[in-house]
Amino acid sequence: MIVKGGIVYDPANGLYGEEMDLFIDQGRMVEQAKGEEIDARGLLVMPGGVDAHSHIAGKKVNTGRIMRPDDARQGTEPRTAVCRPSTGYTVPNCYAMGYRYARMGYTTAFEAATPILEARHTHEELEEIPIIDKGALTLFGSNWQVMECVRDKDLSKLAAYVAWGLRAARGYGVKIVNPGGGEAWGFGANVKGINDPVPNFDVTPAEIIMGLAQANEMLNLPHSIHLHFNNVGKPGNYTTALETLDLLKDIKPSRMRQIVHVAHMQFSAYGGTSWRDFESKAPVIADYFNCHNHATMDMGQLLFGSATTMTADAPLEYGNARLTHNKWSNHDIELEESSGVVPMVYFRKMLVNAVQWAVGLELALLVKDPWKVLMTTDHPNGSPFVNYPEVVTLLMSKSKRDAEMATLHEQVPKRTVLGGIERELDWTDIAIMTRAAPARILGLEDKGHLGPGADGDVSIYNLRPEEVDTSQDHALVKKALANAKYTIKGGVLVSKEGRILAAPPGRTFWVDAAVPQADTDRLMIDLEEKFAKYYSIQIANYAVQDAYLPHAKVIRAGLPVPLQEVA
Amino acid sequence: MIKDAVCSFCGCLCDDINVEVEGGMVKRVRHACRLGSSKIMGHGRIESPMIRKEGKLAAASFQEAYDRAAQILLAAAKPLLYGWASTSCEAAKKGILLAEEVGGVLDSTATVCHGPSVIGIEEKGLPGATLGQVKNRADTIVFWGCNPAEAHPRHSLRYSSNSCGRFTPQGREGRKIIVVDVRETRTAKNADKFVRIAPGSDYEVISALRMLVAGKGDVVPEDVGGVSKADLADIAATLKAARFGAVFFGLGITHSRGRYKNIDNALSLVAELNSHTKFVIMPMRGHYNVGGIGQVLAWSSGYPMSVDFTRGGPYFNPGETAACDLLARRDVDAALIIAADAVSNFPRATAEALADIPVIQIDPYENPTTQLSEVVIPCAVVGVEAEGTAYRMDGLALRLRKLVDSILPSDEEILVGILESVHKQRLLRANEEA
């Protein structure tokens, strides 16, 4: 396949809007190839989009669907010769997820939070999502075995457990959500800060985070720890964010990447002492990211309208439910986690929501290096992913931001600095924040760029970057981004102007990390006891079987394991 | 000896079953309850596919049965594909595909079981947990309108009243057990407190408890559903004093007067109790994978039951698209009944409606539905003779194993056979028309 004459933005390879032909053969980018020609003359061409943080599969997503038939009705599209039927807006069915990402030019999305115990369910849903490649991050932040290893300061056993857990869950990386809080919620409590001890376990969130970060680097995992801070969503929580980030600044990375990726930073950049004096602290957070190089973030942008909040931060969801008097689902997972789901509507005239909207944009605009900030909405917490074009245009157009600001609660200019930010992102910034950076942050070497050997994932938009004024013509840009002119996934033309042409299955990435057998042996003594006494299933039935990943892509990592020791 | 097999009988999905296999036959089952053991040991099976000819079921080949089934589904304007509670998620996936393909309505046995619970959850959400969380933490457990001692025999020992865990080392001794029911069941005999309520008064009793929990006891009358106010106040105090409480509920509340409103009210009570302490609630799902069909249907169509695919896009409206409603209105003109016995469990008028339309049955066992079926296709038993996925009553997915071989195809294979025949017959018809 040849993509002819596009204006190519491939920042990972130093291409910032160059007119050139691209070649794909056997699903990969190559130097030369023959075959079908795609006419992209003068059009915007980027690598396929990569979403590094989205809730697309598993128990909590399905709970969202089950409790929200009202949402399912919003997105009904009938079956076609190629497509299964679609439903839903904030919690689309599996098929809609694949089609809608592909229509926008996205070809990869990672599920952000899966407990090991329920990973089988996650993979059942991931496998049903067509077209896109995917993976799932595995939850470790309130896990009994993790907390006991941290308490005992047994880092090698902790690393062995992380490797074992990733293998059992067929997981891609280490996710930490409100560390310790999931355990405290087992008895209806929470932890209030990083030094607040976790009841019954004699560890603090700070110790859990440090332990898992060290184990993550010891295992040389492709992705860093992926952290949802303590106190997410609360006024004044920016101090927790800064304290946590500072903890991690001296850890040595095992790869050329960050030490910590902060999930949905927007929800942790708040000042004030209550909802009354709630304000943006995005400038302080952005300043920290500008002065340090060990952390990256995704925006977690909030948009006005319908959302479904879902997170392993169960106490937060209970708070959401009490605040909004909305329906509430909670799900505690024995020995591992807790979680919750609450539907939400964000209003532009509600001061707190309007400030939240501004905070996400401020973060992306005030952090100078686009490689440190990913464009996300924490789908479907801030807004469903189909609204990414809205976020991109807000970042590219000051006039659009000003027009939006004029419709918000009148206090917003006093509580935020957004109105004074002149910066407008360009296509290079956007290509980094939606392609190159998420791939690099996740450690996906063949994603997010178009160099030889990369996956043949290309998106072509009906926009002429050399002509369109993104600052003024934002409506045009938004329309073009919503439905790519062409989306190519693994060398297959899957979508054209919003119409799905093919729906091949995507692959699922997971990380198999090697550890010394002696550490695993020590670990298994603990685990066998836990299964005998505390888990409600047998250890033999715990790990996800290969039958659930018929399109698996295994990434090897781990310690350099020595030759078998002589007994 | 096969260790740690998963029992495919009830929603407990006990996964510690040891099975001795000899000469391709199950010889002995250990750890399972009588219900599970009887299923795994095996009993009376349909041996061959059958097609009704001149009023009588006569043996046929599998291909003939698939073709006849496909013919019936294709000829129907609105076929019902019903059951799915006692088969694998893999079969459910093929069933949904078939429903899309022929434009039918797919519903599960939840409709005559925990369907009202699903509607309650749509109203209020479900504050729940995995069963191990209850085992490790719960010091107060309420069984409301359910009787696990007889319906889920190992529930109490593995997961609830009599289980031991990290924060519950004393097991039964350290727990308070409350049973609410209209009669004194065997479960009630294991309770610290049995509360007998008048039939159909669940809603009122829950409302009274909500008032008492909220400190608004002054509005509660002296007697509610046959329970004294003092008794209710005592229960409310026990619930609030729990460190971790759990409510398990069954068909006694989902199908008594009030139906989904009872569940809505119970979910509200549990949500409110969380302002005082930690509380969770869970439906006692009956058939081993009735939870699974709900999960698969939700991620495939957006809705967990009663999904109408006749319009192209999935449509859900309980009361309109549920199996019993459709049959009572005689709004479906064919039915595929799989892994369920509709005739024994449906209200009489709806069962009678089934007798007037062509029925395809897929099941390992003969049952009253067989008697009025046009096509009968026997299948391997999932969890004994076929692998597959099932979801426990708490939503946990487990992989069921194959313990012995069978000459019979699995439900999944049968559905694929029917799907292929549907495609073949469509193509044939298209060619004829051309």
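Two residues count as in contact when their C-beta atoms, placed from the backbone, lie within 7 Å. Keep that cut-off in mind for this tour of a predicted model.

**Stop 1: chain A.** Select chain A and colour by sequence position. Of the contacts between residues at least 6 apart in sequence, 78% join residues at least 24 apart. Switch to a cartoon, and you can pick out 18 helices and 24 strands. For the overall dimensions, follow the C-alpha trace, which spans about 65 × 60 × 45 Å along its principal axes. A compact globule of 567 residues would have a radius of gyration near 24 Å, and the 22 Å of chain A agrees with that. Buried residues account for 62% of the 567 in this chain.

**Stop 2: the domains of chain B.** Now select 46-112 together with 288-433 in chain B; this is domain 1, while 115-283 forms domain 2. Their C-alpha centres are 35 Å apart. Where they touch, domain 1 of chain B contributes 10 residues and domain 2 of chain B contributes 8. The domain 1 side of that contact consists of 7 nonpolar, 2 polar and 1 charged residues.

**Stop 3: a helix pair in chain B.** Next, show helix α2 (residues 62-75) and helix α18 (residues 411-433) of chain B. How do their axes cross? They come within 8 Å and cross at roughly 60°, and the crossing of α2(B) and α18(B) is right-handed. Display side chains here: residues of α2(B) including B:F62, B:Y66 and B:L73 meet a set in α18(B) that includes B:G417, B:I418 and B:V422. By class, this helix contact holds 8 nonpolar, 4 polar and 1 charged residues.

How values were computed: Residues numbered from 1 in each chain as written. Chains lettered and ligands numbered in written order. Predicted model: local features only at pLDDT ≥ 70, side-chain atom pairs only at ≥ 80, totals over all residues. Helix = DSSP H or I, 4+ residues; strand = E, 2+ residues; numbered from the N terminus. Rg over C-alpha atoms; globule rule 2.2 N^0.38 Å. Buried ≥ 20, exposed ≤ 12 C-beta atoms within 10 Å, placed from the backbone. Axes fitted to C-alpha atoms, helices over the stretch in contact; angles between N-to-C directions. Left-handed = near helix turned anticlockwise from the far one by under 90°. Nonpolar A, V, L, I, M, F, W, Y, C, P; charged D, E, K, R; others polar. Domains from an automatic or database assignment.
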